[in-house]
Amino acid sequence: MPRTLRTMCPMNCHPTLCGMEVTVDGDQVTITGDASNPDSEGYLCMRGKAAHEILDNTARLLHPMVRATRDGPFARTSWDAVLDRMADHMQSVGREAVGFWQGHGNWANDYAFGLKRSQMDRFANLYGCQVWNPAMICWGLGAFGAGITGAIETSTKEDLSANSNLVILWAANTVSQANTLRHVERAKRRGARIVVIDVRRTEASALADETVLVRPGTDADLALAMMHVILDEDLWDRQFVEAHTIGFDALRVHLRGMTPAWAEDRTGVAADRIRDLARSYAQAGPAMIVMGGSSLHKGANGWAAARAISCLPAVTGNYGRAGGGLGPRHGGRSHGVGFQDLSAADQRPPGHYIPNQMEAILQALESGAVKVFVSVGSNMLSSFPDTARVRAALRRAELVIAYDIFPNQMIREVADIVLPGTIWLEEIGGKSTNTHLHLCDQVLPAAGEARPVHEVYKGLAARLGVADVYPWPDQTAAMDAALDHPATGHATVASIRAAGGRVPLAVSHVAYPTHQFTTPSGKVEFLSQRAGDMGLPTLPMPSTPDAGTGLILAHGRTFAHFHSFYDHARALPTLAAREDASDLWISPADAQARGVADGAAIELSNARGRFRARAKVTPRIPDGTVWMRDGWPGQNTLTASAAVLPDTALAAFPFSVGQSTYSARIEVAPLRT
């Protein structure tokens with residue numbers, strides 16, 4: 001008898017999270033979009049449609065494996081043997097020499113709900129080992145910039161489509177925000193004006209009324225010049241500024257020299273165009289900026305772009321206004337969203353803990369302060385910059401363990417132990433969009449010897465004598481504990497099942513509806529003493545001019561790829577066929593100057609290393625800039641690993657912000673065979 005259950009797509013394109021219906025009829029499993037899902041309305045992108053290729057995939061990890069040397073072959077072993085070895089080694093080096101790191105692969109049925117993240121944190125806190133929050137790799141640095149201003153919350157896609165008169169997609173492309181873009185389309189049909197600001201003509205440009213191409217790393221300069229025009233032409237909202245902000249007079253003085261002409265030289269955007277953009281933004285009525293989640297904040301932009309951009313809704317009175325403020329972005333939460341914290345942070349024993357800083361983690365591995373490294377659903381060799389340095393640092397560790405569902409670069413090159421994980425259909429979970437919590441019910445039994453990751457923590461805790469790591473009878477009870485929060489209406493798994501597999505969250509579609517902002521003053525802070533106390537600039541700052549030579553390398557998402565999921569999508573035939581090589585976007589003038597033809601094999605190089613790719617010669621990218629999909633194994637050989645923020649800033653927010661720069665200037669040449 002066929003049975004059909006609802007779940008969510010195992011990609012984590014937050015805030016785009018799509019519903020699925022899974023029908024099991026004997027050995028046959030059919031996956032379709034869930035038309036009843038209020039967030040996705042039946043939509044699945046090509047990544048979601050390829051998810052069925054995870055099932056019965058011959059590349060999947062199904063048994064625990066070990067190897068004697070890191071260049072040698074893996075051999076099958078038992079769960080008891082690997083857990084014994086892990087626990088013995090952890091005891092021998094001491095808890096502070098053990099580090100746990102997790103990534104998107106651990107949240108394929110858990111993203112934004114966060115139960116599995118808190119379960120790892122709970123083990124690490126009760127045991128007393130190192131644990132780091134991976135938001136630093138992704139959206140954390142941008143949220144830091146917005147948070148210093150006071151604007152961590154985001155308004156919803158539904159508010160955008162119903163109320164925005166102007167939508168600016170600032171480095172926010174269709175690739176990982178497909179559901180948001182459908183609401184942008186609805187806003188446009190209602191008459192809203194759509195503007196794209198990016199380093200290239202993206203897929204979203206096809207929807208836009210205007211596309212503004214900005215030189216990578218200068219987005220802050222564009223935002224500051226827009227504010228200069230708004231203040232100079234008296235287009236600012238006096239009532240909002242006087243009631244809900246601090247530091248306006250200092251900001252006004254600060255902006256005096258940041259004219260459109262000043263910004264034209266830095267950004268490559270014509271001064272008249274900057275003036276027109278500023279005027280249209282200030283005079284549109286409710287205007288929403290959808291800010292990019294990851295790529296915007298890598299390279300020279302750092303956190304400065306988000307800091308400056310997040311001031312624009314304040315000078316125009318768009319915060320707390322239907323259709324205004326900042327729109328949905330990766331990692332952003334609506335006003336009121338929350339779940340119970342099960343991490344037991346208050347029970348963490350005293351110790352010497354390495355901060356949430358990528359540079360600090362690398363230094364700890366290099367120095368031997370961390371001797372056992374456990375990766376859960378991640379690929380540090382892909383996600384960290386300066387791959388050669390990361391590889392050498394991991395090879396210094398005495399024991400490297402990877403929990404995942406497919407082999408990846410990190411497993412192949414540095415892992416000693418591999419633990420096979422369950423896929424999204426083989427365990428119960430939940431995913432939270434900006435408006436709903438969706439149940440991800442278990443559909444299939446675990447394949448092979450795969451186990452859910454909480455069984456790893458339970459097994460280690462039993463061997464190490466750590467109490468209370470898993471105080472629930474099963475994962476359903478653990479979910480109930482995390483769901484016991486006003487935002488869910490104190491829902492349970494049973495009540496969500498009875499309601500059809502989802503619960504609406506008690507949220508405001510408009511961010512900051514009470515005008516109480518996320519700052520010490522409770523107001524939007526143009527001038528932030530909190531930043532000053534960290535040793536950072538108190539006012540939003542322009543970019544630091546890049547005096548380097550070569551082409552500026554920018555990167556982002558594509559339709560067939562998101563993070564290092566499924567061996568960078570190489571394990572899924574549909575996605576691997578869509579992107580059979582790493583394409584580098586390069587302008588016709590830059591290609592001609594280097595003797596590079598469209599479709600030709602090329603080599604990217606700088607002082608850090610070399611990377612092979614294929615040329616995509618296109619007028620959709622300006623001279624001086626090149627762009628490619630991020631995350632290709634070896635691509636980050638080219639990017640820099642210098643810390644962006646000082647240690648004084650790392651604990652400002654509950655998410656981690658210790659990202660490295662990822663900056664890179666490169667040269668491109670035909671690959672000589």
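I start with how the values were made and then go through the side chains.

This is a predicted model, in which local features need pLDDT of at least 70, side-chain atom pairs count only at pLDDT 80 or more, and totals for chains, interfaces and linings use all residues. Residues are numbered from 1 along each chain as its sequence is written, and side-chain values use heavy atoms, with hydrogens and water left out.

Aromatic pairs come first. A pair of aromatic rings is described by the distance of the centres and the angle of the planes. Rings of Phe, Tyr and Trp (its six-membered ring) pair if their centres lie within 6.5 Å; planes under 30 degrees apart are stacked, over 60 edge-to-face, and the rest tilted. There are 21 aromatic pairs in the structure. One of them joins W236 and F248, with centres 4.4 Å apart and planes at 35°, so this pair is tilted. W236 is in the loop between α7 (219-232) and α8 (238-244), and F248 is in helix α9 (residues 248-254), so the pair ties together parts 12 residues apart in sequence. Helices here are DSSP runs (H or I, at least four residues), as are strands (E, at least two), numbered from the N terminus.

W236 is buried at a relative accessible area of 10%, and F248 is buried, also with 10%. Buried means under 20% relative accessible area, exposed over 50%, and partly exposed in between, with a 1.4 Å probe and protein chains only.

F406 and Y566 make an edge-to-face pair, 6.1 Å centre to centre with 90° between the planes. F406 lies in the loop between β15 (399-404) and α17 (409-414) and Y566 in helix α22 (residues 565-568), so this pair ties together parts 160 residues apart in sequence. Both F406 and Y566 are buried.

Next, the cores. A nonpolar core is a set of buried Ala, Val, Leu, Ile, Met, Phe, Trp, Tyr and Cys residues joined through side-chain atoms within 4.5 Å. The largest has 75 residues, and F144 and W170 touch the most other members. Helix α7 gives this core its largest share, 10 residues. F144 also belongs to an aromatic cluster with W139, W303, F653 and F655. A second, separate core of 32 residues includes V82, M90, V376 and V453.
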